Amino acid sequence: MTMLSLSSSPHNHNRRDTGQVMRLVCYAAIPGILCNIWFFGFGILIQIVLAIITALVTEGVISELRKKKTERILKDYSAVLAALLLAISIPPLAPWWVIVIGTFFAIAVVKQLYGGLGYNMFNPAMAAYVMLLISFPVQMTSWLPPQSIAEQSYSLWDAVNTVMTGFTNTGFSVEQLKVGIDGTTMATPLDVVKTSLLQGYTVTEAQSHIIFDGQYGKGWFWVAMAYLVGGIFLVKSKVISWHIPGSMLASAALLSLVLFLVDSDQYASPLFHFFSGSLIIGAFFIATDPVSASTTIKGRLIFGAAIGLWVIIIRNWGGYPDAVAFAVLIMNMAVPLIDYYTQPRTYGHKSKASKKEASKNT
């Protein structure tokens, strides 16, 4: 006799198991990671390795303690993907303990404390990112300039040494590596624009900074484009649907365009928002998490659109330049409500209008 079982999301309709889906998402991130290495150095590789090791150890230990099938849980690659997304979200040369603490929090608290894959309410990588940003703001905002305008370059072994000890093999600290060829300490393009606006400059004046190449940040444009290629691959391969990334990018573009047309001196263009932060990564790799995102078609459209609006709102009027993590977590909390009001009508069930029509005819 065949036994039926109930399971939580993620549900797959393409004859791929969870492990295959998670691996494909990891593969799709490779172009962006390689582009990041090209422009910003090897630090991201060290963060990825530390994150994956921490995630697998944490997941394995907790699975053993809960007497679950550890091998099967590790092979679903959900812990690896969460670790990867967190690693590419933090500064490349952040101290080793930052990524270890963050990854442990993502797996042990955000994921396993709720019951494991399929039961977590929040996106593990983004919840851990926000925790780290609030707890360790200095380490989490130590972004490096692109290699082309950096005063000091660093090798793979310099990256290893800096992540583990805080200094390169030749004795340079992270603060010294953050200095550009003009002698100023670098920040992200979003940071530069936000700080300049607070100082009374216009967006155009802010974009004259050495970190910009036109209206885009040096290197940041190509990193975003590489992740966009990976995101399109995920949609074409039907690993993710277009609804969340499409609605998220459309709503962000619409609101930023309205603000830009109202006052281009105070509000950046939609293209700047698209290619100067983590909006592209968030749309295709983060917001589409099958567990913490909405599960209905209409719900996904609402979920993605709301995230896009929150990103632009927080970027312009909030305290943090890049708001993707905060926007995703806010909408994670709204998912049960969104799914409740957007659940499709049961096949064969008559709507109120059709019932009234039927009663009139009788």
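1. In this predicted model, Ala224, Tyr227, Leu228, Gly230, Gly231, Ile232, Leu234 and Val235 of helix H13 are in contact (heavy atoms within 4.5 Å) with Ile280, Ile281, Phe284 and Phe285 of helix H16. By class, this contact comprises 10 nonpolar, 2 polar and no charged residues, where Ala, Val, Leu, Ile, Met, Phe, Trp, Tyr, Cys and Pro count as nonpolar, Asp, Glu, Lys and Arg as charged, and the others, Gly among them, as polar.

2. H13 (residues 220-236) and H16 (residues 279-286) pack at an angle of about 20 degrees, with their axes 9 Å apart; axes are lines fitted to C-alpha atoms, for helices over the stretch in contact, and angles between N-to-C directions run from 0 to 180 degrees. That makes H13 roughly parallel to H16, since angles under 35 degrees count as roughly parallel, over 145 as roughly antiparallel, 65 to 115 as roughly perpendicular and the rest as oblique. The crossing of the two helices is left-handed, meaning that the near helix is turned anticlockwise from the far one by less than a right angle. Helices (H or I, at least four residues) and strands (E, at least two) are DSSP runs, numbered from the N terminus.

3. The source notes require a pLDDT of at least 70 for local features and 80 or more for side-chain atom pairs, while totals for chains, interfaces and linings use all residues. Residues are numbered from 1 along each chain as its sequence is written, and side-chain values use heavy atoms, with hydrogens and water left out.

4. Buried here means under 20% relative accessible area, exposed over 50% and partly exposed in between (1.4 Å probe, protein chains only).

5. In helix H11 (residues 189-198), Pro189, Leu190, Val192, Val193, Lys194 and Ser196 are buried, and the buried residues of H11 pack against several elements, among them strand S1 (212-213), strand S2 (216-217), H13 and helix H17 (297-317). Tyr216 lies in S2 and counts as buried at 18% relative accessibility. Leaving out residues up to four places away in sequence, Tyr216 touches Ile211, Phe221, Leu271, Phe272, Phe275 and Ser276; the C-alpha atoms of Tyr216 and Ser276, which are 60 residues apart along the chain, are separated by 6.2 Å.

6. Tyr77, in the loop between helix H4 (70-74) and helix H5 (78-87), has a positive phi near 60 degrees and is partly exposed, with a relative accessible area of 31%. Lys238, in the loop between H13 and helix H14 (243-262), has a positive phi of about 60 degrees and counts as exposed at 58% relative accessibility.
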